[in-house]
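Please look over the sequence and the model below before reading the numbered points.

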Amino acid sequence: MLSVLSLLLLFAYSPVVCVFQKLYCTISESCECDFRPNIRDLEWDLYKNVFGQHLAQDIVSEEVTKFLQNKSPDQPLVLSFHGSSGTGKTLVSSMLGDHLYGSAMSSPFVHQFIPTLHFPLAKRLNRYRRELKSWVQGNLTDCARSVFIFDEMEKMPPGLADVLEPFLGPSHVVFRTNYRKAIYVFISTAGEEAINKVALDNRQAGREREEIKLADLEEAIVQEVYNHNTSGFYRSSIVQQKLVTRFVPFLPLSRCHVERCVRSQLCQRGWCGRGDVVEAVGRDMIYAPVPGQYFSTTGCKAVSAKINFFL
């Protein structure tokens, strides 16, 4: 079949060429819709620009590399990011898009969904389910290597995410495409209590942050997102059927991590030498719990505004 499509691509008129090229790209391993993964740069970006997240760095790097090395995966790569605000979840999802397609926000094959924008009314759940299924299936038909990012899952209407179940498992068939090549990223603050507790216990015990392992957190995250009615995965069949490849914890950030964020942003603005601003922003952040004040309550989220204030 591929040889026939190749001949058509060579001899057909240009409008027809586009149609057959799209079809060819969805089922072929040699033509993948502008998909240009650069794993080395992804790993470098993760380790250079994501602070205090050894688990997320290792898991994302390993899972993406392993997935892309498999030319015929059994099912899509499904990553679920969990942790407090400002810990790097959205940043890492953008890095994925950037290093798979060159630009996460401008690529037609990277699709971002935000519940408050795309699914704001819980009473329209059935309509949203139909629309979401149609959007995902349509984009998979256009490009098997599509990337779907679902932000703020804690605001997702309960039950909506389950419409994705057929696309995430090993048995479903999407017409004209190998849907198993897609990547899904779910982003949520759900699970932050379990993550922060482990991080706090570890700190108070005097252990190094890097001693925290995924095994210390994964089951607690799964239980919290499955049993909490604002997680987006509440009683979800996606969790029940173990269709999430990895639940990725993002740890709360301490002052040294916040100051690394400040220094990085200052250098991007051409102010690498402003140690006074680094110190001022780090000191001005709010840390909890009291009296230990170990972790920033907003992570790196408020850093940019505070830099503007102290410059």
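1. This is a predicted model, in which local features need pLDDT of at least 70 and side-chain atom pairs count only at pLDDT 80 or more, while totals for chains, interfaces and linings use all residues. Residues are numbered from 1 along each chain as its sequence is written, and side-chain values use heavy atoms, with hydrogens and water left out.

2. Five strands form an open sheet in the order β2-β3-β4-β1-β5, with parallel pairing. Strands (E, at least two residues) and helices (H or I, at least four) are DSSP runs numbered from the N terminus; two strands pair if DSSP finds at least two bridges between them. β2 (110–113) and β5 (246–250) stand at the edges with a single partner strand each, so one side of each has no neighbour in the sheet.

3. β2 and β3 (residues 147–150) run parallel and are joined by four bridges. Q112 has I149 as its bridge partner in β3.

4. The structure holds 10 salt bridges, each a side-chain nitrogen of Lys or Arg within 4 Å of a carboxyl oxygen of Asp or Glu. In helix α4 (residues 54–69), E63 and K66 lie three residues apart and form a salt bridge, with the closest N and O atoms 3.7 Å apart. E63 counts as buried at 7% relative accessibility; buried means under 20% relative accessible area, exposed over 50%, and partly exposed in between (1.4 Å probe, protein chains only).

5. R283 and E279 of helix α13 (residues 275–284) are four residues apart, and their side chains meet in a salt bridge (3.4 Å, N to O). R283 is exposed at 51%, whereas E279 is partly exposed at 37%. A network of salt bridges links R255, E259, E279 and R283.
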